[in-house]
Amino acid sequence: IASAPSTTGIHASLPPSGSFSGTDESGSPSVMCSTPILNMHGAHIAAESPGSSSKIRSTPQLISFPIPSSPPMFIHQSSLQEVAKQNSPDIANHPMIWQGRSTPEMIEKEREHSLALARDVLCEVRRLFHCVVKADGKRVDYQQMFSSPQARQFLKSVRLLRDIDPSLLSEKQKLVFFLNLYNALTIHALAVLYNGELPKGLDRLRLYATSAYDIGGRIYTLNDMEHGILRANRPPPGPLVWTTFNGPRDARMACKLATHEPRIHFALNCGGLSCPSIQFYEEEHIDEQLDLAVRTYLNSNDGVVIDVDKSTVCLSSLFHWYHSDFVQGHVVDKIMDWVVPYLDEERTAQWNQLLAQDSHIRFTFNDYDWSPNKVVAE
């Protein structure tokens with residue numbers, strides 16, 4: 001089983017080896033690689049440093065990856081076409097395909113290595129969440145990303161991702177790994193790029209399409225993690241939601257879940273106030289935690305609001321965007337078959353009242369609150 005490339009080429013202003021600073025000389029947040037182009041075969045990056053007037057060079061400066069202070073995060077300023085070049089075009093190059101030429105002992109050794117590194121990274125993700133996420137999981141203190149020891153350790157641990165082969169993880173391990181990593185990358189990207197603010201319109205869509213980590217030498221954007229991996233490569237919810245997956249021969253297809261898990265929609269947080277709360281998910285308790293995440297969200301005003309007098313049910317827009325993950329076809333009332341088992345006693349009673357009235361029930365979807373989830377200064 002081949003290991004990921006160990007060198008990265010960066011044309012950027014880099015601090016001394018072993019140091020990390022989340023700010024530039026003026027005290028403002030710095031982005032080490034703001035305009036990346038990645039050649040996956042050589043794992044080389046050409047990037048323009050922040051504030052630099054120099055153009056991207058065709059032959060980037062080569063340095064070993066442990067030197068940069070910034071983890072392998074390639075964010076936002078590149079176009080979709082540039083990010084698409086960063087994927088793995090041929091599954092034949094994926095280590096999993098080579099297993100026929102590897103002994104079971106070699107495969108198991110690589111699996112144990114990837115799992116150990118994944119757990120090391122997730123340990124730091126847990127500490128990061130404990131530091132920057134408020135107790136209710138709804139607000140994030142993004143400034144802690146530039147000052148706290150926990151954030152520094154997390155940023156160092158992200159470098160380990162390039163040596164992890166997620167295809168070797170079990171189904172449950174993949175679920176836990178990518179759920180937590182998605183929420184961590186969202187926090188990381190919003191802190192570095194927008195100081196905790198959430199961009200609007202196309203800029204927000206571009207954020208999800210181009211914010212990425214290098215995992216096992218391959219690019220995984222936020223959209224790739226959500227739609228390609230966690231939703232088992234199901235179609236995105238709209239034409240403006242882009243992934244970099246390149247068809248069935250894409251090497252990352254070996255890492256996707258075997259079946260989609262609809263409960264993930266109540267565990268992924270993309271930075272808005274209407275998003276589900278941020279929690280750390282554990283392999284040993286993932287089913288119970290996901291059930292709790294669904295119940296918590298659906299039994300809030302963001303999830304399900306039933307008005308018996310008006311015979312209306314207002315559902316989260318998540319059910320509108322991802323209706324096919326819950327039911328076959330776009331039949332709104334059938335979504336309630338999935339929803340009702342998670343409702344509390346009050347909402348269950350209200351739903352039963354509506355059914356007993358034998359009147360037409362009108363379904364609507366709420367206005368998703370895209371206000372940033374950053375901590376508001378008191």
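Biologist: What should I know before I look?

Modeller: It's a predicted model, where local features need pLDDT of at least 70, side-chain atom pairs count only at pLDDT 80 or more, and totals for chains, interfaces and linings use all residues. Residues are numbered from 1 along each chain as its sequence is written, and side-chain values use heavy atoms, leaving out hydrogens and water.

Biologist: At what angle do H2 and H3 pack?

Modeller: About 150°, with the axes of H2 (residues 104-132) and H3 (residues 149-157) 9 Å apart. Axes are lines fitted to C-alpha atoms over the stretch in contact, and angles run from 0 to 180 degrees between N-to-C directions. Helices are DSSP runs (H or I, at least four residues), numbered from the N terminus.

Biologist: OK, salt bridges. How many are there?

Modeller: The count comes to 16 salt bridges, each being a side-chain nitrogen of Lys or Arg within 4 Å of a carboxyl oxygen of Asp or Glu.

Biologist: Which residue does Arg252 pair with?

Modeller: Asp250, with the closest N and O atoms 2.8 Å apart.

Biologist: Is Arg252 buried or exposed?

Modeller: Buried, at 0% relative accessibility, and Asp250 is buried at 0% too. Buried means under 20% relative accessible area, exposed over 50%, partly exposed in between (1.4 Å probe, protein chains only).

Biologist: And what does Glu124 bridge to?

Modeller: Arg127, the closest N and O atoms being 2.9 Å apart. They're three residues apart in helix H2, so about one helical turn separates Glu124 and Arg127. Glu124 is buried at 13%, while Arg127 is partly exposed at 41%.

Key:
Helices (H or I, at least four residues) and strands (E, at least two) are DSSP runs, numbered from the N terminus.
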